[in-house]
Amino acid sequence: MPSSAPVPSASTLDFAALSSSSELPSETQNQELETLKRHVAEGLRRPQKTLSSMYFYDDEGSRLFQQIMALPEYYPTRTEFQLFTRHQSALATALRPTATQEPFFLLELGAGDGLKTKILLRHLLETNAAFTYVPVDISGAALDGLTASLREELPDLRVEPIVADYSEALRLMAARPGRKVVLFLGSNIGNFLPADRLTFLRNLAAPLSPNDRLLIGFDLQKDPRIIRAAYDDAQGVTAAFNLNLLARLNRELGADFDLAHWQHYTDYDPLAGTVRSFLVSTRAQAVHVSTLKQTFEFAAWETIHTENSYKFTAPQIEALAAEAGLTVTNFFTDEQDYFADVVLRPA
């Protein structure tokens, strides 16, 4: 959940905001379909078969993820919401310029429904901060929905949505005068493999000045049983979410995966701080993908790796920031130290 196996492009991904191709113009639909075909052809030919969890989020996957966020086992969303509620004043102070009326831009990468961000936005408005909110998403439909809700809930808020990938949006905003505060919330930083994570942070930092700030959410290491349960809930919603990836391939690529003969499996390695999720073939079987004109053989109990989700310690976050050319200025956690929202500045 939003996390990934190998990441195609560390500078352009927005996992939770990736929507179904039905929202996209036909030319873009075709490009997305070709990308998916190449990914599946490559991933299912590997010795360890792999599919990226960026493809979890078709319409049904997005609906299931909304259910996951409400599950009692899935702590990240509600924990970060509580963290924002608890620290809203200190967060605002850490992010806004020292001069009270100095204008600044608040950019959110992959804004989604903006539920947590609205806590910060309300506080900034109540304290008369001179800022413009800039939600960034590759989905115009997602931004339209967010903008409409903000217009209704926060009519005094200045909003400038940008439909673009992250790197393009940051380049566009870098030329504007004033502080840029870049938000990358949730546990999305844990989506990336280590090398891709470092590249992603360096790409975020590159167009920013020492006066700018980043606010990034990190899921922290904790009781391994709590982490594992978040990715394998008792109701089976996470299992349905993982299996839906195969249903999407059946629909969009003409594959013939028989979901009755596949299982969801996940585990957490506390030494590496990594959740790994798989789809497991429960029998020897062959799957034909008609758009690829290829058949893929699966042995009994062979796996497809679909997800990695990394959990962090405070020293790891400090070290990662330093390697990316960033300095930690503030470290906000919840009462249980489950989650951290970290303020960074370019060194």
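Which residue of strand 11 stands opposite Arg-276? In this predicted model, Arg-276 stands opposite Asn-308 in strand 11.

The model is predicted, so local features need pLDDT of at least 70 and side-chain atom pairs count only at pLDDT 80 or more, while totals for chains, interfaces and linings use all residues. Residues are numbered from 1 along each chain as its sequence is written, and side-chain values use heavy atoms, with hydrogens and water left out.

Helices (H or I, at least four residues) and strands (E, at least two) are DSSP runs, numbered from the N terminus. Two strands pair if DSSP finds at least two bridges between them. An open sheet of four strands has the order 1-11-8-7, with mixed pairing. Strand 1 (49-50) and strand 7 are at its edges, each with a single partner strand, so one side of each lacks a neighbour in the sheet. Helix 9 packs on this sheet and touches strand 7, strand 8 and strand 11. The direction of helix 9 makes about 120° with that of strand 7; such angles run from 0 to 180 degrees between N-to-C directions, and axes are lines fitted to C-alpha atoms, for helices over the stretch in contact.

Strand 8 (residues 274-281) has seven of its eight residues buried. Buried means under 20% relative accessible area, exposed over 50%, and partly exposed in between (1.4 Å probe, protein chains only). Strand 8 pairs with strand 7 (residues 262-269) in the antiparallel sense over eight bridges, and Thr-266 stands opposite Ser-277 of strand 8. These two strands form a hairpin with four residues between them. In the turn, Gly-273 has a positive phi of about 65°. Strand 8 also pairs with strand 11 (residues 303-310), again antiparallel, over seven bridges. Here the bridge partner of Val-275 is Ser-309 in strand 11.

Arg-276 is placed in strand 8 and is partly exposed, with a relative accessible area of 45%. Neighbours within four places in sequence aside, Arg-276 is in contact (heavy atoms within 4.5 Å) with Tyr-265, Thr-266, Asp-267, His-305, Glu-307 and Asn-308. The C-alpha atoms of Arg-276 and Arg-158 are separated by 41 Å, and the two residues are 118 residues apart along the chain.

Another open sheet has seven strands in the order 4-3-2-5-6-13-12, with mixed pairing. Its edges are strand 4 (162-163) and strand 12 (326-333), each with a single partner strand, so one side of each is left without a neighbour in the sheet. Strand 6 (residues 213-219) and strand 13 (residues 339-346) run antiparallel and are joined by six bridges. Asp-219 stands opposite Phe-339 in strand 13. Helix 10 (residues 314-323) lies across strand 6, strand 12 and strand 13, running at about 150° to strand 12.

| Strand pair | Bridges |
|---|---|
| Strand 7 and strand 8 | eight bridges |
| Strand 8 and strand 11 | seven bridges |
| Strand 6 and strand 13 | six bridges |

**Nonpolar cores**

In soluble globular proteins, nonpolar side chains tend to be buried together. A nonpolar core is a set of buried Ala, Val, Leu, Ile, Met, Phe, Trp, Tyr and Cys residues joined through side-chain atoms within 4.5 Å. The largest such core has 38 residues, and Phe-257 and Ile-304 have the most contacts inside it. Elements that each supply at least two residues of this core include helix 1 (26-43), helix 8 (224-230), strand 9 (285-289) and strand 10 (294-298). Helix 9 gives the most to this core, with seven residues. A second, separate core of 36 residues includes Ala-169, Ile-189, Val-342 and Leu-344.

**Helix 2 and helix 9**

The axes of helix 2 and helix 9 come within 9 Å and cross at roughly 160°. The two helices are therefore roughly antiparallel to each other; angles under 35 degrees count as roughly parallel, over 145 as roughly antiparallel, 65 to 115 as roughly perpendicular and the rest as oblique. Residues making the contact include Leu-64 and Phe-65 of helix 2 and Ala-240 and Phe-241 of helix 9.

**His-123**

His-123 is placed in helix 4 (residues 115-126) and counts as buried at 13% relative accessibility. Apart from neighbours within four places in sequence, His-123 is in contact with Gln-88, Ser-89 and Ala-92.
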